[in-house]
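I opened this model to look up how its pieces are arranged. My notes follow in the order I took them.

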Amino acid sequence: MTESPGIISPTSNVARTLPKSKMTVAKTLRDVLEEEIRGLYSAETQWAKALPDLARAATNSGLKATFLGHFKECEGQVRRLDKIVKILRISLKDAICGAVRSIVEESGERIADFPPGSARDAVLISTAQRVEHFEMAAYRSARRFAQLLGSIEVTELLQSNLEEETEADRKLTDLAEDINPLALSA
Ligand SMILES: [Fe+2]
């Protein structure tokens, strides 16, 4: 069956993954924020684990340093998320960000196809920017939810993480400007 763009058919994956019992439970923006934080916590911890591997796989010294610097930042971001988890009394049980898990798993396969060098570095940057953009989008949403819910402290903590992600993404864009042309020829 063909599905029109933007329309969720009753047999789409989204509809299939919604258990009937859960569909009827009333939820609020507080629940949405909680879900975002659980996802972000999982995303950050998975990404922090992967970054040293990306640094090892990189050839360009500036790229290596950027991955290692962002690894340290990620640890600080997890600490901020820890504070939010305590403030909002969120359970992290079974929290898993499937999106970052897929990107990290896929990055291993992508890197394996490229020997060390500029082309591999270009793959590493494109992988890292997928994660950074995902996190930036999630932090923007979560920050707005926290703002609407009136939690200044949570809003500020999320803002700090968002600023670091934005800066990390900018650094990667700058590095790509130098590295990508080097990969035009082997
Ligand atoms: Fe992060």
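I started with the length of H4. Its 28 residues should span 40 Å at 1.5 Å a residue, and its end C-alpha atoms are 40 Å apart, so the two agree. The expected span here is 1.5 Å times one less than the number of residues. Helices are DSSP runs of H or I with at least four residues, strands are runs of E with at least two, and both are numbered from the N terminus.

Before going on, I noted the ground rules. This is a predicted model, so I kept in mind that local features need pLDDT of at least 70, that side-chain atom pairs count only at pLDDT 80 or more, and that totals for chains, interfaces and linings use all residues. Residues are numbered from 1 along each chain as its sequence is written.

**Overall make-up**

I checked the secondary structure next. The protein chain has seven helices and zero strands. From the N terminus the order reads α-α-α-α-α-α-α. Of the 186 residues in the chain, 30% are buried. I used these cut-offs: buried means 20 or more other C-beta atoms within 10 Å of the residue's own, exposed means 12 or fewer, and partly exposed is in between, with C-beta atoms placed from the backbone. I also looked at contacts with a separation of 6 or more: residues 24 or more positions apart account for 76% of them. Two residues are in contact if their C-beta atoms, placed from the backbone, lie within 7 Å.

**H4 and its cover**

Which residues of H4 are buried? I listed Leu63, Thr66, Phe67, His70, Cys74, Gln77, Leu81 and Ile84. The cover over these buried residues includes helix H3 (29–57), H6 and H7.

I then took the pair H4 and H7 (residues 152–182). They pack at an angle of about 165°, with their axes 10 Å apart. That makes H4 roughly antiparallel to H7. On the H4 side, the contact includes Gly62, His70, Arg80 and Ile87. On the H7 side, I noted Glu153, Leu157, Ala168 and Ile179 among them. By class, this contact has ten nonpolar, six polar and six charged residues. The crossing of H4 and H7 is left-handed.

I wrote down the terms for this. Axes are lines fitted to C-alpha atoms, for helices over the stretch in contact, and angles run from 0 to 180 degrees between N-to-C directions. Under 35 degrees counts as roughly parallel, over 145 as roughly antiparallel, 65 to 115 as roughly perpendicular, and the rest as oblique. A crossing is left-handed if the near helix is turned anticlockwise from the far one by less than a right angle, and right-handed if clockwise. Ala, Val, Leu, Ile, Met, Phe, Trp, Tyr, Cys and Pro count as nonpolar, Asp, Glu, Lys and Arg as charged, and the others, Gly among them, as polar.

**The loop after H4**

I followed the chain out of H4. Arg89 comes next, with a positive phi near 50°. Most residues other than glycine have a negative phi. Arg89 sits in the loop between helix H4 (61–88) and helix H5 (98–112). Is Arg89 buried or exposed? Arg89 counts as exposed, because it has 7 C-beta neighbours inside 10 Å.

Asp94 lies in that loop between H4 and H5 too. Its phi is positive, near 60°, and it is not a glycine. Asp94 is exposed, with 7 other C-beta atoms within 10 Å.

**H5 and its partners**

H3 and H5 pack at about 15°, with axes 10 Å apart. H3 is therefore roughly parallel to H5. Their crossing is left-handed. Ala43, Gln46, Trp47, Ala50 and Ala57 of H3 meet Val100, Arg101, Val104 and Ile111 of H5. I counted the classes as seven nonpolar, one polar and one charged.

H5 and H6 pack at about 180°, again with axes 10 Å apart. They are therefore roughly antiparallel.

**H6**

The 31 residues of H6 should span 45 Å at 1.5 Å a residue, and the end C-alpha atoms are 45 Å apart, which agrees. Ala137 is in H6 (residues 118–148). Ala137 is exposed, with 12 other C-beta atoms within 10 Å. Its C-alpha lies 8.8 Å from that of Leu162, 25 residues away along the chain. H6 is followed by Gly150, which has a positive phi near 80°.
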